Amino acid sequence: MNLEDEYKIHIQSRIDFSGWGRLAEYNWIEKQSWDIDFFAYSQMLDEHSREIANSINEFHNYISRLDSWSSRLNDMDCEQEKIDLVIEFVTPIATLAINMPYVIRSRFIYSIAHLCHQANKAKGGEWKDDISPNDEIIFQTADKYGSKWRKYTTLKCTLEKISNKKYAEQVVDFRNSYNHRYSPRIEFGLTNFVTRIVRDDGTVSYNYINTPPLKLADLIPSLKNQFFLLIDAFDKYKTLVREQILEIDNNNR
């Protein structure tokens, strides 16, 4: 069977994998009538909430496609056909999917920092437009401006579980090695045949044990767990926003 036929089978079968997990919600924010002080907040909220939902739902799509391809690979007997299919269809999606938890967490942090910064106007007292430039916004930036909001802490706790050390271990530090060295292959192939190791005492040795490929059967459960954490974070993000909206409404009375 050629790759075109395989893709047709994939399109037909992946519908069966689309029912797991709920998607991130759109249009959950009611239109507000605020004065000009909160115009930037309202515009950011509209864009950020939509883009974060898009990212989470895109991640869901990638996982569903990998799930479908994994099922198809299990039904195939020819090793070369499996390799061709993985190279053509699976590896590009898997590479994106593995990196998505870090990407979406970063987008959450960016959004939270800006929204909290703007919403802090409603808290009274002197407000200063002193947030870091966009490319310098990190978790500590969100901490700084989110500290005045009760719902921020629970959101932060969930975000800390996303793309954390445990996930990095599950995917063999794929994101860092993909961007800076040589990441593990997907399903087939070996990498990192020679690894230079510097010990705490300064001595150097070389490791000649290679890195095996990431198997979809192991990868997909880790990705799904990250997806569910992202949905949980999105729910708590909405709760934080609603707390801010209530405060801004009171400020505009």
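Are tryptophan 69 and phenylalanine 89 buried or exposed? I looked this up first: both tryptophan 69 and phenylalanine 89 are buried. For the terms, I take buried as under 20% relative accessible area, exposed as over 50%, and partly exposed as in between, with a 1.4 Å probe and protein chains only.

**Ground rules**

The model is predicted, so I keep local features only at pLDDT of at least 70 and side-chain atom pairs only at pLDDT 80 or more, while totals for chains, interfaces and linings use all residues. Residues are numbered from 1 along each chain as its sequence is written, and side-chain values use heavy atoms, without hydrogens or water. Helices (H or I, at least four residues) and strands (E, at least two) are DSSP runs, numbered from the N terminus.

I then listed the contacts (heavy atoms within 4.5 Å) of phenylalanine 108. Leaving out residues up to four places away in sequence, phenylalanine 108 touches Ile52, Ile56, Leu159, Leu230, Ala233, Phe234 and Tyr237.

**Aromatic pairs**

I count rings of Phe, Tyr and Trp (its six-membered ring) as a pair if their centres lie within 6.5 Å; planes under 30 degrees apart are stacked, over 60 edge-to-face, and the rest tilted. The structure has 12 aromatic pairs. In one of them, tryptophan 20 and phenylalanine 227, the ring centres are 5.1 Å apart and the planes at 70°, so this pair is edge-to-face. Tryptophan 20 is in the loop between α1 (3-13) and α2, and phenylalanine 227 is in helix α8, so the pair links distant parts of the chain, 207 residues apart. Both tryptophan 20 and phenylalanine 227 are buried.

The pair of tryptophan 69 and phenylalanine 89 is stacked, with 4.9 Å from centre to centre and 10° between the planes. Tryptophan 69 belongs to helix α2 and phenylalanine 89 to helix α3, 20 residues apart. I also noted one aromatic cluster formed by Trp20, Phe59, Phe227 and Phe228.

**Charges over rings**

The criterion is NZ of Lys or CZ of Arg within 6 Å of the ring centre and within 35 degrees of the ring normal. The charged end of arginine 175 sits over the ring of tyrosine 102, 3.6 Å from its centre. Lysine 215 lies over the face of phenylalanine 188, at 5.5 Å from the ring centre.

**Cysteines**

I searched the whole structure for disulfides (a pair of cysteine sulfur atoms within 2.5 Å) and found zero. Cysteine 157 is partly exposed at 40% relative accessible area, and cysteine 78 is partly exposed at 34%.

**Positive phi**

Most residues other than glycine have a negative phi. Aspartate 173 has a positive phi near 50°; this residue lies in the loop between α6 (165-170) and α7 (174-180). Asparagine 192 has a positive phi near 55° and is in the loop between α7 and β1 (195-198).
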